[in-house]
Amino acid sequence: MKEQPTVAPHGLSIPDPVVVTQISSEPQEGQIVLQRLSNGLTVVLMRDTTVPIVAVDIWYKVGSKDEEPGKSGFAHLFEHMMFQGSENVGKAEHMKLISDVGGWMNGSTNKDRTNYFEVVPANQLRLALWLEADRMRALAINAENFENQRDTVKEERRQRVDNRPYGPIFSELLDELVYENWAYKHSVIGSMVDLDNATLEDVRKFHDVYYRPNNAVLAIVGDFKLQDAMGMVEEYFGPIPAGPTPPAVDLSEPPQQQEKRMQWEDKFAPHPAFVCAFKIPPRGTPEYYPLEVIEKVLFDGESSRMYQRLVEKDGLVLHLFGGVDARLGPGLFLIFAQVKPGHTIQEVEAAFWDELDRIKQEPLDARELQKVKNKLKAEHFSRMERAYYKADLLCMYTAFFEQPELFYTELDRYLAVTAADIQQAAQTFFNKNQQNVIEVYPANQ
Amino acid sequence: MKQKPPIDDKLIEFRFPTVQETVLKNGLTVMVIEQPKIPKVYYRVGIQVGEKHDPPGKEGTLDLLSLLIKKGTQRRSYEEIVEQVDFMGGELDAVSRRDFFYLFGEFLQEYAAQGLEIVADVLMNPVFPPEELEKEKAKMLADLENEKSSPAFLANRKFNEVLFQPHPYARYKTPESLQAIDRQTIQEMHDRYIRPNNSYLVIAGAVTFETAVQLAREYLEGWEQKPLPTETTPEPQPPKRRTVFLIDRPDSEQSNILLGNVLFNRKHPDYEKAVVMNKILGGGASGRLFMYLREEKGYTYGAYSSIRTYKDHGAFSANAEVRTEVTREATDGFFEQFRAMREAPVSEEDLKNAKRYLIGVFPLQNETPSSIASLAMQQKLYDLPDDYWNQYLKAIDAVTREDVQNIARTYLRDEEMAVVVVGDAEKIKDSLTAFGPVKVFDVDNNPVE
């Protein structure tokens with residue numbers, strides 16, 4: 001019997017059931033299929049035959065939070081090694097094989113996880129899986145590749161952090177100021193000293209501990225037949241042995257009692273900037289959702305409050321962005337505002353606090369609340385337009401929460417937020433003794 | 001022994017979704033693509049007016065029109081438009097190109113009607129507030145000034161000028177042309193061209209054909225049609241013999257080379273063959289130009305070619321940024337590779353790889369409802385056959401080695417090429433005489449003796 005999808009109040013068709021683990025026939029389009037290989041690899045699949053393409057995305061549950069003191073930057077350096085070849089794939093060949101068939105690919109490392117993905121024409125699914133499995137199974141780890149990539153990462157650090165206006169703030173300074181716990185206190189890119197101290201032995205150990213099937217989630221989204229796809233997954237990933245369970249990391253943070261503030265002289269910044277951040281609860285907790293709604297109120301779109309106030313009405317600011325930096329552990333709510341010539345950081349800070357006080361004191365009216373929820377819905381739906389984004393969401397919900405169904409149901413948590421929840425969240429998290437401020441000044445002024 | 005990468009050689013089948021069509025009483029063609037999966041609705045208006053229609057001496061008019069169209073209407077202020085679009089979880093934007101003008105709107109499904117009402121209001125009743133015009137002009141003037149420091153911008157401007165003149169594709173914005181534009185210029189262009197009988201509307205997403213047509217009738221049938229101006233555009237008169245156009249940027253460490261000749265328009269039956277030829281010659285990091293000028297010779301970080309096709313005409317072009325001291329050798333390198341394309345057929349392997357890439361990349365680039373809507377729009381605007389997108393990949397797959405060689409022989413015309421070089425004239429001028437007479441210009445495009 002074929003089940004019919006149901007339509008949720010927000011308009012999205014949701015398959016019933018949302019997640020299947022037993023498969024006898026082709027799943028419905030949009031249904032989430034969850035499988036686990038005997039070596040522990042979690043596989044999440046979703047068919048969508050709208051266009052003949054397929055996205056393969058693999059999340060390893062390792063990020064800079066897992067690095068030991070003295071080894072900062074290692075997770076990211078390791079990500080580079082994953083493009084240096086494996087038993088059957090030559091150096092840089094991965095990239096060429098994918099782009100020659102018309103596909104695209106990349107990898108990225110953040111605090112909590114590392115991902116690798118390929119989006120390819122539907123008939124090249126086998127190629128993408130073969131490439132990912134080859135480097136999970138038999139990465140080419142040698143001194144030449146390692147030295148070469150160490151230099152590349154150091155160069156990347158120079159370009160993206162050390163020689164870019166405002167570069168060190170979000171990659172390094174803010175986390176160092178806000179966090180007490182090493183896990184999030186240190187940067188993803190790492191320090192030059194630590195990068196220099198990394199050894200080839202560290203690379204081997206890292207692969208052995210973290211790049212094992214039992215520490216990964218593989219998502220496949222697009223135009224494929226389930227039996228074929230699972231057959232390929234079994235063939236290529238099945239023989240890879242499981243590894244030890246990686247050590248758990250403590251991400252907890254003590255509550256902040258005192259304001260923290262620093263001045264930073266930026267060699268490349270053309271104008272002063274005001275940066276402020278508050279610690280917020282982990283992604284997925286009930287306290288988290290109102291904060292993401294507040295992000296929309298304050299920062300999303302030309303009609304948002306901070307934009308209207310700081311840019312349009314008061315004319316204090318040239319560039320502005322802000323909102324939630326969501327993490328598996330305690331995250332951030334932050335603002336960056338580049339100060340317009342003729343104005344000061346102090347004026348921006350005062351106006352910023354005015355707007356925070358307003359959201360703490362006055363409940364949102366019905367229209368504004370509806371507006372931000374509509375924006376959240378539209379943003380959520382936009383991510384569902386592309387196979388890659390869908391695969392990445394499935395990886396996240398599965399790797400972080402073991403609940404792939406959040407792909408469909410998390411939106412309800414945002415839509416349930418009330419004006420009172422927003423006020424309460426603002427009152428709880430936006431207080432002067434909890435703020436972390438960086439005043440950025442151009443070095444030559 | 002190493003395993004071979006498991007690459008599939010079959011042709012992927014791309015099924016273009018059904019497009020349903022109707023024409024309203026005022027001449028507006030409405031196309032509907034039902035894509036119910038995502039609860040959003042996408043509107044795309046394409047109008048057959050382009051920057052080529054800017055009044056002579058007032059280049060930049062349509063560009064300004066596109067920036068001002070959502071800055072206020074007879075019924076709504078700019079703030080109201082922005083708030084209402086945000087409220088509907090929406091986006092609204094306009095853009096001008098050489099041949100066409102586009103307006104895009106997308107909204108949550110439940111605001112399909114209100115969304116189209118705003119799109120219609122912006123399209124039909126813009127007021128072009130004078131203070132906003134001055135703001136946008138000031139930004140555009142600043143951009144023009146900044147662009148003078150971009151060698152790629154300078155090269156392209158010259159390239160289009162010399163290949164297409166006296167066709168309006170040759171014209172470009174200047175501070176003077178922007179200053180000559182007032183509210184009246186923009187209003188007149190709007191009245192003349194932004195007309196339903198000159199336009200297409202694609203509605204895609206979570207909406208049925210019946211509802212979509214009903215909405216289009218309700219909000220757009222009141223859009224008044226008018227007879228369109230009849231125009232004859234002159235044919236391009238490119239240089240009869242190869243000529244070098246050198247734009248002097250003293251102390252440049254690199255020379256930006258852009259060379260090529262006039263080509264057919266988008267509708268031409270040789271288009272797909274030329275796309276395959278171009279992929280092999282210079283389409284990306286596995287192209288011959290890249291392999292030769294970068295990998296083998298080390299003259300440059302990258303070298304590419306492209307088939308640029310517009311509504312009326314097109315151009316074949318090739319480009320690279322090279323070290324100043326190898327400007328002549330690199331230019332020679334381009335011509336060597338063009339010659340090789342003409343003289344010998346490409347290998348089966350190269351042909352197969354090019355097709356695999358072109359056929360594979362197509363569905364990846366056309367994944368979203370808005371990109372599908374864009375393809376449906378292109379089919380109309382470029383006057384392509386009704387079933388074009390279902391045939392496109394088959395046409396690519398049908399190209400033979402002989403076709404590729406014939407295309408190179410017919411369309412890579414070394415002796416008629418314009419060779420545009422942006423670089424340090426003092427260091428490179430003499431060596432460039434090897435390719436034809438050299439005409440020198442400054443960054444403001446004034447001739448230099």
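Glu118(A) sits in strand 8 (residues 114-121) of chain A. In this predicted model, Glu118(A) counts as buried because its relative accessibility is 0%, where the cut-off for buried is under 20%.

**Around Glu118(A)**
- A polar contact of 3.0 Å links the side chain of Glu118(A) to the side chain of His94(A).

**Sheet in chain B**
- An open sheet of six strands in chain B has the order 1-2-6-3-5-4, with mixed pairing.
- Strand 1 (20-23) and strand 4 (91-96) of chain B are its edge strands, each pairing on one side only.
- On average, neighbouring strands of this sheet are turned by 15° against each other, direction ignored.
- Strand 3 (residues 40-47) and strand 5 (residues 101-108) of chain B run antiparallel and are joined by eight bridges.
- Within strand 5 of chain B, Glu106(B) stands opposite Tyr42(B).
- Helix 13 (residues 366-383) of chain A lies across strand 3 and strand 5 of chain B, at about 110° to strand 5.

**Nonpolar cores**
- The largest nonpolar core has 162 residues, and Tyr43(B) and Phe338(B) touch the most other members.
- Helix 14 (residues 387-401) of chain A gives the most to this core, with ten residues.
- Phe338(B) touches residues including Leu259(B), Leu281(B), Phe316(B) and Met417(B).
- A second, separate core of 57 residues includes Phe74(A), Met105(A), Met136(A) and Val203(A).

How values were computed:
Residues are numbered from 1 along each chain as its sequence is written. Chains are lettered from A and ligands numbered from 1 in the order in which they are written. This is a predicted model: local features need pLDDT of at least 70, side-chain atom pairs count only at pLDDT 80 or more; totals for chains, interfaces and linings use all residues. Side-chain values use heavy atoms; hydrogens and water are left out. A nonpolar core is a set of buried Ala, Val, Leu, Ile, Met, Phe, Trp, Tyr and Cys residues joined through side-chain atoms within 4.5 Å. Buried means under 20% relative accessible area, exposed over 50%, partly exposed in between (1.4 Å probe, protein chains only). Helices (H or I, at least four residues) and strands (E, at least two) are DSSP runs, numbered from the N terminus. Contact means heavy atoms within 4.5 Å. A polar contact is a pair of N or O atoms within 3.5 Å; within protein, one must be able to donate a hydrogen and the other to accept it, and residues adjacent in sequence count only if both atoms are side-chain atoms. Two strands pair if DSSP finds at least two bridges between them. Axes are lines fitted to C-alpha atoms, for helices over the stretch in contact, and angles run from 0 to 180 degrees between N-to-C directions. Lists of a residue's contacts leave out its neighbours within four places in sequence.
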